[in-house]
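Please read these notes with the sequence and the model open side by side.

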Amino acid sequence: MRGKPTRGFYSEDELKKHKKGKDYVAKKLAEQETLNNHEQLQADRIPSHLCYYGKKEWKRIIPLLKQLPIAELDREMIETYCMLHGSRRRLEKDIQKNGETYVIEDREGNKVIRKNPSYDLLMSTVKEIRMIANQLGMTMNSRLELAVPEEEEKEDEILKLIKGG
């Protein structure tokens, strides 16, 4: 089954009115059409391997992701995002319970402050979550990149005008 996004990024009429011309319109329409060539995400069932928080996150994001051109090809990335979300919640609880640091005694009986290993794990988990969210269009910047023409194209147009072309 071919999936189509629930909303297009540009309508054909909007692109035809665009000042960059026919080549630009054809390129953008072709790019948008490639998004329709993949099987639409089938996310009716929540993956059973996710923890409680991962399942909660799945329920929260799937309706939102269905509004974007997310395909079945992206399922693994979505599952990973939800799994990491569950890990992040568990790590946060550990840090709340045990603190960011803890005190131990070394061999000579001196008290030494050590960083909770959960803190480093939490930081790397947050970085991964941020990366995946960006790839799935779950951040404002990544959604804007999908919907707004690239700044480079605007700059090139301005350079052409300055150079007299």
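1. Lys56 is a residue of helix α3; helices (H or I, at least four residues) and strands (E, at least two) are DSSP runs, numbered from the N terminus. Lys56 counts as partly exposed because its relative accessibility is 46%; buried means under 20% relative accessible area, exposed over 50%, and partly exposed in between, with a 1.4 Å probe and protein chains only. Between the C-alpha atoms of Lys56 and His85 there are 9.5 Å, and along the chain the two are 29 residues apart.

2. This is a predicted model, in which local features need pLDDT of at least 70, side-chain atom pairs count only at pLDDT 80 or more, and totals for chains, interfaces and linings use all residues. Residues are numbered from 1 along each chain as its sequence is written, and side-chain values use heavy atoms, with hydrogens and water left out.

3. His85 belongs to helix α4. Is His85 buried or exposed? His85 has 9% relative accessibility and therefore counts as buried. Leaving aside residues up to four places away in sequence, His85 touches Tyr53, Glu57 and Ile129, where contact means heavy atoms within 4.5 Å.

4. Cys82 is also placed in helix α4. Cys82 counts as buried because its relative accessible area is 0%. Which residues does Cys82 touch, not counting residues up to four places away in sequence? They are Leu50, Gly54, Glu57, Trp58 and Ile61.

5. Next comes the packing of the helices. Two packed helices are described by the angle between their axes and the distance between the axes. For helix α3 (residues 52–65) and helix α4 (residues 75–98), the axes come within 8 Å and cross at roughly 135°. Axes are lines fitted to C-alpha atoms, for helices over the stretch in contact, and angles run from 0 to 180 degrees between N-to-C directions. α3 and α4 are therefore oblique to each other: angles under 35 degrees count as roughly parallel, over 145 as roughly antiparallel, 65 to 115 as roughly perpendicular and the rest as oblique.

6. The crossing of α3 with α4 is right-handed; a crossing is left-handed if the near helix is turned anticlockwise from the far one by less than a right angle, and right-handed if clockwise. On the α3 side, the contact is made by Tyr53, Gly54, Glu57, Trp58, Arg60, Ile61, Ile62 and Leu65. On the α4 side, the residues are Arg75, Ile78, Glu79, Tyr81, Cys82, His85, Gly86, Arg89 and Lys93. By class, the contact of α3 with α4 has 8 nonpolar, 3 polar and 6 charged residues. Here Ala, Val, Leu, Ile, Met, Phe, Trp, Tyr, Cys and Pro count as nonpolar, Asp, Glu, Lys and Arg as charged, and the others, Gly among them, as polar.

7. α4 also packs with helix α5 (residues 117–135), at an angle of about 150° and with the axes 9 Å apart. α4 is therefore roughly antiparallel to α5. The two cross in the left-handed sense. Residues of this contact include Leu84, His85, Arg88 and Leu91 of α4 and Leu122, Thr125, Val126 and Ile129 of α5. The contact of α4 with α5 divides into 12 nonpolar, 6 polar and 4 charged residues.

8. Arg88 is a residue of helix α4. Not counting residues up to four places away in sequence, Arg88 touches Leu122, Thr125, Val126 and Ile129. Arg88 and Val126 are 7.1 Å apart in space, C-alpha to C-alpha, and 38 residues apart in sequence.

9. Between α3 and α4 there is a loop, and Ala71 lies in it. Ala71 counts as buried because its relative accessibility is 8%. Ala71 and Gln42, 29 residues apart in sequence, have C-alpha atoms 8.3 Å apart.

10. How many helices and strands are in the chain? There are 7 helices and 2 strands, and along the sequence they follow the pattern α-α-α-α-β-β-α-α-α. The chain has 165 residues, of which 28% count as buried. Of the contacts in the chain with a separation of 6 or more, 61% are between residues 24 or more positions apart. The chain exposes about 12,000 Å², with 52% of it supplied by carbon and sulfur atoms; accessible areas come from the Shrake-Rupley method with a 1.4 Å probe, and for residues only the protein chains shown count as cover.
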